[in-house]
Amino acid sequence: MSDTQQANPTDAPRRFLFPRWINYLLPLAAVAVVGGAFYVPTLFALGGSPVATSIGYQPQQPVPYSHALHVGKLGMDCRYCHNTVERTAFAPLPATQTCMNCHTNIRTDSKLLQPLRDSWVTGKPVQWVKVHDLPDYVYFNHSAHVNHGVGCVECHGRIDRMDVVHQDKPLSMGWCLECHREPEKHLRPRDQITNMDWKPAGDAQSALASGLELKKSYGVHDQSYMISCYTCHR
Amino acid sequence: MNSTHQQNRGPEYWRSLEHLADTPEMREVISKEFPGYDASEMVNGSRRRFLKLAGASMALAGVTLTGCRRWPEEKLAPYSTNPRGRQPGVPEQYATAYEFAGVAMPLLVTSFDGRPIKIEGNPSHPFSWTVRDKLGSADAFAQASVLDLYDPQRSRNIVDRTGEAEKRKEEPTWTDFAGFVAKHFADLKGKGEGFAILSEASASPSVTDMRKRLMAVFPQARWYEYEPISGDNELEGAKLAFGKPVRTRLHLEKASRVVLLDADVLGYHPAHVRYAADWAERRRSADDGEMSRVYIAETTYTITGGVADVRLPVNPSRLYVLAREIASKLGVSGILGQEQLSDAETKFVDAAVADLKGANGAAVVAAGSTMPPIGHALVHAINEKLGAVGKTVTLHEDPAGDRPSHVQAIADLTNDMKSGRVTSLVIIGGNPAYDSPADLDFANALAKVPMSIRLGLYEDETSALCKWHLPRAHYLEAWGDARAWDGSAGIVQPLILPLYGGRSTIELLALLTNDTLINGYDIVRRTWQQFLPKDTFERDIRRAIEAGVQNGTEFPVAKVTAKAQDFPPAQPAPEGFFLRFTPDSHTYDGRFANNGWLQETPDPLTKLVWDNAAYISKKDADTLGVETGDIIRIVLGGNYGYDIAAYVLPGQPAGVITLPLGYGRTAAGHIGDRLGFQTYQLRSSKGFDVASGATVAKASGSYQLVATQDHHIIDDIGYKGREKRSGGKGESGRVIHDVAFEEYRKDPHAALGGGRKVPLQLFNPPHTFVDTHAWGMAIDMNACIGCNACAVACQAENNIPIVGKHEANNHRAMNWLRIDRYFKGEPDDPDPDVVFQPMMCQHCENAPCEQVCPVAATMHDSEGLNTMVYNRCIGTRYCSNNCPYKVRRFNYLDYHSQDPRHEWAAPYNNIPDAQQLEQVDKIKRMVFNPEVTVRMRGVMEKCTYCVQRIHRTTIAARANGEDVKDGDIVTACQQACPTQAIVFGNLNEADSKVVHLHKNNRAYGVLAEELNTRPRTKYLAKVRNPAGDEATKGEHQA
């Protein structure tokens, strides 16, 4: 190696070297790494927290309708009001007429029912606030679930105990996929769909076995279909 | 044609003359995925600066916490009383009809929660069903008419310009107008002198009935009917031949030999949907060794010419000459004198005559609007001679046909107006101030009329000149009735209350006549008492409304025979160019000018969007030194010097300039104003369908025409390169296959020309499809007529936005389904062949797009759909770059909220997910299909095989524990196709239709063998049936 011909390292074009002030950034980078170790998990935890997924979202409704009273105490079936849930994608809210079937006779002077009576007289709808609100790019179909053994309680929680309806489950994609990956853990006989108290009989193992049997009898799609994007998004 | 390997020669099938010439500019366009897009120009700086900006915007996005918001509160509003059988969120379908230029288009309209959102043909009506599966097809105009319903610029208010300006009411109501009517028409009762009504064509039984009532109240009133596009020559010809008007109905499914003299039976004929279905029956049968042969002599390139087997471009004066020659060779009597024919014409006539003779009555001749009446009479005589009447053509009574021609009517009326004989004029629909012949000067005559009342959908050119303007109800808003081409009557049923308080024609007439009934529904019921028996009327009218058609109301067959008469030679045409006026594929006669869907659906032949132009032949263009986009000056009769942009259309006959009507509107609305050229200015009452003796010269300047023909070209230059690298094995990528019928009959494998059949797969396919369903599609190019019905159906079904002329010029039109039109032939060829190829996502099993997406936003599902997940897409556009079919579309801007007429996009300030709530106009929003996501800026999108329809059908079937049956799932394009060229189904079902089609000898996957993409869509090669030995043989037999 001939030193005379060896270029002096200091002659190397300056632009290939980091400027000296970069050195001061090193401790800053260390702080970022340590901080990031806390920041990133926190971010994910917050992102998945009930606050972010709106669990407990409980808007005020124009009429303080109590499911606890009507369903829990009086034992009305879900499908008396949400009548086309087995046939349509959308589980409809009852027409004012449905309410008035009873309320033309019961509590006819209640102030709380005034919006209902107004609607009945004017023909204008009662404006209920949507509680379970999925993003617009999700196409959830009630009939597809209800007809294949997914009970109301799976997504809506104990509606029969709610005085004012709130969102009980995260309704996030990860939560949906839990069931789409292993539907057998969440299926029930078709006649128990609206039963809020239903529990599979027997121990965990026999419950799973009956779940698998139900899955087969319903002809639930393979997992590959269940987790395809177009199954829910389009 | 073996010139494929010549130097500087583009592909065998070419999209444009530039494509054929293989110019460097064209190579540039093809090699770039996003032509005209220069990243450095957009950022105006270095890559480093771009990264800085990108980083900064990311940081800002974090600072403003755009993710930390709950989405807006949504309200649910159930009915007060639920209508019986009503299921919220479930689309419902109602039969109705659209009266278009006096002829009903029977429809089935889908309504979602009270909003009509999608228009389809009525499958139970013989004039919209598609013969085999009865899917019900509607054409592009009818389908796009739903957008007019939600046009925010439709007329909303009554305008009163009577009396002194100061005393006028700000917003007059219908009651004010009724008060005026009571006063104004009181004196006219029982007389009616000076009262004239100018109406658009209508054969509606209720309008006819109300017209009779009006004439009873005002006996001396005059009723005129005017349509700018009319088949009056045909009507006049029938009067010449039979002494009375008859309506001609072709039966193309029975005709093995068809000779058309400028008859665009698959394009703008009022019965074209059914004709196309019938025609396709005799084309599809090529697989069974039988096929019709269609001859056409035409004066411009039409879609009918595009699919004809033998095409002869001629100038309009030759049509009658050809008819005379055919007639004389067939032995029709009364042909006086001799004609001089060119070689090409002689060849055409000889082949046609030989075929007509040999067809044994299974032949038909038809003529179009450019044929003079005497020519139509001659065609009737020819059909009689051929024994076609009663078989391939039937003649029907035409009760409404006994009227002066439309040109005559408007000329008479204008004369009366000018001379002051018209004191009160009611104009119903139409737009005569814009579209009447220029020599009549209707607009000035209208200004002379003391009292003019206009009922119109828009406050347009005509309304501006009238004393009263009344908003008209859209046909989806009002009761009415109409008659289809065969005369069968159907009820027009409204699907929504009038959005802007409009009223229908019959309601206005009821108001004028002070009728006891004022409601459209009551008037229709009164009229229909003539069709339905009294004792079961309630039941029967319900059935008629539900079915959309009443059987037994067809026009009866006319018992007529052609009178013996002489057919003298035609007067020689004057020197100079012929001007041939045609309807425009975007605006028809101008009425759809404000309809963005139609504006942006490329014309079938020229692929122009947002404009019309003067179509000129290559030969004339070369002589004049004109290229597409250059301005030419047309001088007609010394009076006009009209400047218009030229479009060089291969196959356009020399000496003929085609002028599509319907552009140059000044009061159409925001979308349609000041677009294209007002070609009505060249149209006179003497030269209504065709004008002759024009001089054409190149003028200075040029005009930006946007034709999408060179957009999204499938790159075969790349294949040429690959061919070189891999040693020139096999053919370069072939997108189109076609075959002559004779060859195909001899060798069923001839269609694909024995292309390379070596599988290229080195490794196992990436996906195995074991699901019960494997969706696939087959498209028969032999049946496709390029009519655009599928393209508009796709736009309506999938919430596809329009982008505007400027963005379309940047290759950014969003249509998921485009119809590629290829020419085949030399540039100077007077008659290049045409192939139409609908092109959309092929759902490749081995999809190139999926392999390059960095965020897995496009991937396969278990049923083989190539899924596109909008909320994953980050807009790298790698997928689009890697798609060999060029079918992916990127939302460069938020097109739904953008003004399509702005050259540069309006600034985009609002937060992204607010757009669907606030930025899109409230009325415009009503047309959206709620089952399809409305895409926002920055995401890629493409054909989904109508996944929403797949799910709707499968979920409903599975709820009953069944599986979908073949034919249950119908995609929007398949549904709309009048010829059933598109078939969708399950490839894992052994006996499904699509499986049979995929096994057809003509079936091939575009670029499947070259790129091994394993597309799920297969195309069936086109079969042509050119005249050859067989035709001559027929002559010998005869």
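Two strands are taken as paired if DSSP finds at least two bridges between them. In the structure, which is a predicted model, strand β16 (residues 451-456) of chain B meets this criterion with strand β17 (residues 468-471) of chain B, the two being joined by four bridges and running parallel. Within this pair, B:Gly456 has B:Pro471 in β17(B) as its bridge partner.

Both strands belong to an open sheet of six strands in chain B, with the order β6-β17-β16-β15-β7-β8 and mixed pairing. The edges of this sheet are formed by β6 (159-160) and β8 (222-225) of chain B, each of which pairs on one side only. Helix α6 (residues 174-184) of chain B packs on the sheet and touches β15 (424-428), β16 and β17 of chain B. The direction of α6(B) makes about 135 degrees with that of β17(B). Helix α14 (residues 406-418) of chain B lies across β7 (195-199), β8 and β15 of chain B. Relative to β8(B), helix α14(B) runs at about 135 degrees.

Another open sheet in chain B consists of four strands in the order β12-β11-β10-β13, and its pairing is parallel. Strands β12 (310-313) and β13 (363-367) of chain B each have a single partner strand, so one side of each is left without a neighbour in the sheet. On average, and with direction ignored, neighbouring strands of this sheet are turned by 10 degrees against each other. Strand β10 (residues 257-261) of chain B pairs with strand β11 (residues 293-298) of chain B over five bridges, in the parallel sense. In this pairing, B:Arg257 stands opposite B:Arg293 in β11(B). Helix α13 (residues 373-386) of chain B packs on the four-stranded sheet through β10 and β13 of chain B. The direction of α13(B) makes about 175 degrees with that of β13(B).

The contact between the chains involves 43 residues from chain A and 41 residues from chain B. The area buried between chain B and chain A is about 3,900 Å², and carbon and sulfur atoms give 55% of this area. Across the interface of chain B and chain A, 15 residue pairs are in polar contact, with both residues at pLDDT 80 or more. On chain B, at least two residues of the side that touches chain A are supplied by each of β2 (75-76), β33 (866-868) and α29 (947-959). Helix α29(B) gives the most to this side, with six residues. By residue class, the side of chain B that touches chain A divides into 18 nonpolar, 13 polar and ten charged residues. Zero salt bridges are found by the rule across the interface of chain B and chain A.

Strand pairing also links the two chains. Strand β1 (residues 128-129) of chain A is joined by two bridges to β2(B), and these strands run antiparallel. The bridge partner of A:Trp128 in β2(B) is B:Leu76.

Over all chains, the salt-bridge count comes to 60. One salt bridge is formed by B:Lys239 with B:Glu236, whose closest N and O atoms are 3.5 Å apart. Because these two residues, B:Lys239 and B:Glu236, are three residues apart in helix α8 (residues 232-242) of chain B, they are separated by about one helical turn.

Note on methods: Residues are numbered from 1 along each chain as its sequence is written. Chains are lettered from A and ligands numbered from 1 in the order in which they are written. This is a predicted model: local features need pLDDT of at least 70, side-chain atom pairs count only at pLDDT 80 or more; totals for chains, interfaces and linings use all residues. Side-chain values use heavy atoms; hydrogens and water are left out. Contact means heavy atoms within 4.5 Å. Buried area is the accessible area (1.4 Å probe) that two parts lose on being put together, summed over both. A salt bridge is a side-chain nitrogen of Lys or Arg within 4 Å of a carboxyl oxygen of Asp or Glu. A polar contact is a pair of N or O atoms within 3.5 Å; within protein, one must be able to donate a hydrogen and the other to accept it, and residues adjacent in sequence count only if both atoms are side-chain atoms. Ala, Val, Leu, Ile, Met, Phe, Trp, Tyr, Cys and Pro count as nonpolar, Asp, Glu, Lys and Arg as charged, and the others, Gly among them, as polar. Axes are lines fitted to C-alpha atoms, for helices over the stretch in contact, and angles run from 0 to 180 degrees between N-to-C directions.
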